[in-house]
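Hi everyone, thanks for making time this morning. I'd like to walk you through one structure, so please have a look at it first.

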Amino acid sequence: MWLFLFILAVVIFLVLWWIYRRQVIKPLRRALGHSRLLAEGKISEGYVVSGIPEIHDLVNDLQKIDQRVRQLSSYMRVEEFSLKTILASMVEGVIVTDTDSVIQMANRAFAQMFRLERDPVKRPLMDVLLQPDIKAIIDQALKTERESSGEVLIEDLLDQQQRRVFQVSASPLGEPGEGPKGVVVVFHDISRIKQLEDLRREFVANVSHELRTPLAIFHGYLETILENAELPTDEVQRVLRVMKRHSDRLNDLVVDLLTLSRLESGQIKMDYVDLNVFPMLERLKADWAGLFEKKKCRLVLSCPVPLPTIEADTLRVEQVFYNLLENALKYSDDGKEIEVGGIHEEGSKYVNFYVKDYGTGIPSDKVDQIFQRFYRVDRARSRDKGGTGLGLAIVKHIVQLHGGKVWAESALGKGTTVWFQMPTSRLELDSVWPGSEDPARQPNSPEVRSL
Ligand code: ADP
């Protein structure tokens, strides 16, 4: 009997132990395992269901926490990916610094902007850029807990000629009132905008200067006439002739300015045709015969080999030759020869044209500058000869619009050759202007200045 009771007790104990292990210990161990995995940020694989309600609830809650963590980490991955993609595709340089100005994150544009060879992350900003002005903007943002910004001028170390200007904005990170946790700094390269602003200022100053002289002359002479009612007719005639010359110059200046502004704004419609330049040059020679005769100069056309046609706007190319011939004649002494020609090498996609004179020439250090607006080697001489200082800038724009280039060779006292190269067919230019409603292309257009 005692033996039976003992065996029964052992069996009951074993059954209870088995149930306890299966329903309590095992689920608890699994739950513990899952909670450890969760704590380590790893993903758990599934849960054991327990018959005991409290343990069942505990396992259930753990399961929900697990799902939530998975959801959150998936959101975070998406957010991180989007943030990285946005930062990588930005043209602005972006960095995040901590409160000690140590860089914690930097995008690709930042490294490219400052040509960094090493990863800037985990390095103090001052080691990376050595720019106290930028540090000052960041410190200001940290101190005031508000956005701080400013323009910073950086001299390019690699290219001493190049100065770059950045708009730098620093915004503190963190909740207001809790003290900043760091700073987001955005760098916007505004060098080009600054350069254009400088050019515009310089241009306005140049135009005002050009207009002032003829206007002052008009004013002075008009006063002379008004105050001297008895002025002899000869003197009045002389004064009127001077005024006429200056009004012509004013007119030339306005025409050139209009042409240039149209060319630069891209508003000009180009009428491309396959242009045979040699017959055009023969026509120009005939048109210019009177002016050449006046200066006892000789115009020679030279095309050693037949030239292929170029895809170009006839009136614009004519204007290029007009401006170059005008200069060649203007800066040559009487009796000199002027040569106009074209050269084409077999198989080349370009034709090189030139206008060569044996005139005053240009100092070698100034040759590259003559294509700039209002640049003159000798201001007084150019003005005396009725120059506006815009003729070669117009030439350069027209040639570039065709996908070509222009340059000059000169020797002081010996003469000048201005070259321009034109493609035989238009290269991959992105601006195409079909049609020809532009009044400037009519033969009598004031834009093609009569000489
Ligand atoms: P401008 O109306 O003053 O001639 P351009 O733009 O045509 O203006 O030329 C700019 C400057 O380049 C001129 O003022 C002149 O100093 C110089 N230049 C241009 N062509 C010649 C040339 N053929 N010979 C000498 N100097 C030239």
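Before I name any elements, a word on how they are assigned: helices (H or I, at least four residues) and strands (E, at least two) are DSSP runs, numbered from the N terminus. What you see is a predicted model, where local features need pLDDT of at least 70, side-chain atom pairs count only at pLDDT 80 or more, and totals for chains, interfaces and linings use all residues. Residues are numbered from 1 along each chain as its sequence is written, and side-chain values use heavy atoms, with hydrogens and water left out.

Let's start with helix H1, residues 2-39, which contains Arg30. Buried means under 20% relative accessible area, exposed over 50%, and partly exposed in between, with a 1.4 Å probe and protein chains only. Arg30 has 38% relative accessibility, so it counts as partly exposed.

Now to the aromatic rings. Rings of Phe, Tyr and Trp (its six-membered ring) pair if their centres lie within 6.5 Å; planes under 30 degrees apart count as stacked, over 60 as edge-to-face and the rest as tilted. Searching the whole structure gives 13 aromatic pairs. One of them is Trp407 with Trp419: the ring centres are 6.0 Å apart and the planes are at 5°, so this pair is stacked. It links distant parts of the chain, with Trp407 in strand E11 (residues 405-411) and Trp419 in strand E12 (residues 415-423), 12 residues apart.

Are these two tryptophans buried or exposed? Trp419 is buried, at a relative accessible area of 16%, whereas Trp407 is partly exposed at 26%. Elsewhere, ring pairs join Phe110, Phe114, Phe166 and Phe187 into a cluster.

Which residues other than glycine have a positive phi? Arg115 is one of them, with phi near 45°, and Leu130 is another, at about 50°. Arg115 sits in the loop between helix H3 (108-113) and helix H4 (125-129), and at 42% relative accessible area Arg115 is partly exposed. Leu130 lies in the loop between H4 and helix H5 (132-144), and Leu130 is exposed, with 63%.

Last stop: Pro172, in strand E4 (residues 163-173). Pro172 is partly exposed, at 23% relative accessibility. From C-alpha to C-alpha, Pro172 and Lys84 are 20 Å apart in space, and they are 88 residues apart in sequence.
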